[in-house]
Amino acid sequence: MGENQNSKPLRIFLWIVPRVNSTALAKCLSFMDDTVVWMEPYLACHLNETFYNPEFKKGDPAAEKLRENISRMLKTEAIIKFMTEIEKKAKEHDNIFDQQLFRFPWVKSQLEADEPGKKYIFIKDQACVIREHLDSLPENVPTRHCFLIRHPREVYPSWKNMISHNNPVDKPVPWEECHAANDAPHMPVEDFFKIHCDLWKYVKEHLDPDPIILDGYDLVSNPDVLLPKLLEKLGVPYKESYLQWPEDEELVYSAWKGSVQTVILASKMIAASRAVKSTQFDPPRNERGVCSPEWKITDELKELIEKSLPYYEEMFAHRLR
């Protein structure tokens, strides 16, 4: 754990793999006393080095296909109008920064800076984007680390559904034509869970002797039990009123810090739109390890799930209960 000074707010990292109910948790945290929430600032850095970088994997068929699709999409009238509205909205909020600012050293300096009047700084981010940039974590400030998990059989079909809807104003890519890994060449999809597990072990050995593991299924199944336990472990006072919050997405835009893409654009996409408009933790629709019936487990999903299960199960055994 970082050096504890009463005058410095506690930085609390919420490390995630995608699709673990983390956006609903981030919205919940936004309405707690004395808190501020950063939305995936390291992911924004990673996107600048990969997704928005014309030299990234140049010549790689999957990367070139993604670039061509994005370039074609950005030229359509509907997307031009959509992006113009998002950029206009971003200018109304000084807590939302231009995407180009997001480089790993800049984020480190932002997270080391204190937040006047705040006691807790929550940072939700992808474990897979920090693995090669551990020197960009904030130093000489008090920190804690949490890891959100969810069964791979729930994560990967949901991930595939998300990337099949990469165009916010058009119909999704047909399920059988979408490939959960190949269609996202900027992300280490096959190793989401391995990287997550490796980071947990690194943090436990070097940064925080008691990192918390929280299963997203458990959280939404029993929020009245798991949320107070989580906050108690972090030393954050709990109130029963934290189990509900306003629906208005405009309040989120004023509360979350991050890039235009990780706050406003993400809130309009299928990945986060439901959680951004939530008012509470909605209970799961299926049992643990069961995905929505309309999501067929294709061959690549089966491989991703089987490869990830050992890492999930190792972390699951240490989860908060």
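**Buried lysines, cysteines and salt bridges in a predicted model**

Colleague: With which residue does the side chain of Lys 160 make a polar contact of 2.9 Å?

Modeller: The model is predicted, so local features need pLDDT of at least 70 and side-chain atom pairs count only at pLDDT 80 or more, while totals for chains, interfaces and linings use all residues. Residues are numbered from 1 along each chain as its sequence is written, and side-chain values use heavy atoms, with hydrogens and water left out. A polar contact is a pair of N or O atoms within 3.5 Å; within protein, one must be able to donate a hydrogen and the other to accept it, and residues adjacent in sequence count only if both atoms are side-chain atoms. At 2.9 Å, the partner of the Lys 160 side chain is the side chain of Glu 300.

Colleague: Is Lys 160 buried or exposed, and at what relative accessibility?

Modeller: Lys 160 belongs to helix H6, residues 152-164; helices (H or I, at least four residues) and strands (E, at least two) are DSSP runs, numbered from the N terminus. Its side chain also has a polar contact of 3.0 Å with that of Thr 298. Buried means under 20% relative accessible area, exposed over 50% and partly exposed in between, with a 1.4 Å probe and protein chains only. Lys 160 is therefore buried, its relative accessibility being 0%.

Colleague: How far from Lys 27 is the nearest side chain of opposite charge?

Modeller: Lys 27 sits in helix H1, residues 22-30, where nine of nine residues are buried. For charge, Lys and Arg count as positive and Asp and Glu as negative, with His and the chain ends not counted; a salt bridge is a side-chain nitrogen of Lys or Arg within 4 Å of a carboxyl oxygen of Asp or Glu. The nearest side chain of opposite charge is that of Glu 247, at 7.2 Å.

Colleague: How far is the sulfur of Cys 45 from the closest cysteine sulfur?

Modeller: A disulfide is a pair of cysteine sulfur atoms within 2.5 Å, and the structure holds zero of them. Cys 291 is in no disulfide, the nearest cysteine sulfur, in Cys 178, being 14 Å away. Cys 45 is buried at a relative accessible area of 1%. Its closest cysteine sulfur, that of Cys 128, is too far for a bond, at 13 Å.

Colleague: What is the radius of gyration of the chain?

Modeller: The chain has 13 helices and seven strands. The radius of gyration is taken over C-alpha atoms, and the globule rule is 2.2 Å times the number of residues to the power 0.38. For 321 residues that rule gives 20 Å, and the chain is as compact as a globular protein of that length because its radius of gyration is close to this, at 19 Å.

Colleague: What share of the contacts with a separation of 6 or more comes from residues 24 or more positions apart?

Modeller: Contact means heavy atoms within 4.5 Å. For the chain, residues 24 or more positions apart account for a share of 84%.

Colleague: In which helix does Lys 233, the partner of Asp 210, lie?

Modeller: Asp 210 and Lys 233 meet in a salt bridge of 3.2 Å, N to O. Asp 210 is partly exposed at 37% relative accessible area, and Lys 233 is partly exposed at 35%. Asp 210 lies in the loop between helix H7 (192-206) and strand E6 (212-215), so the pair ties together parts 23 residues apart in sequence, with Lys 233 in helix H9.
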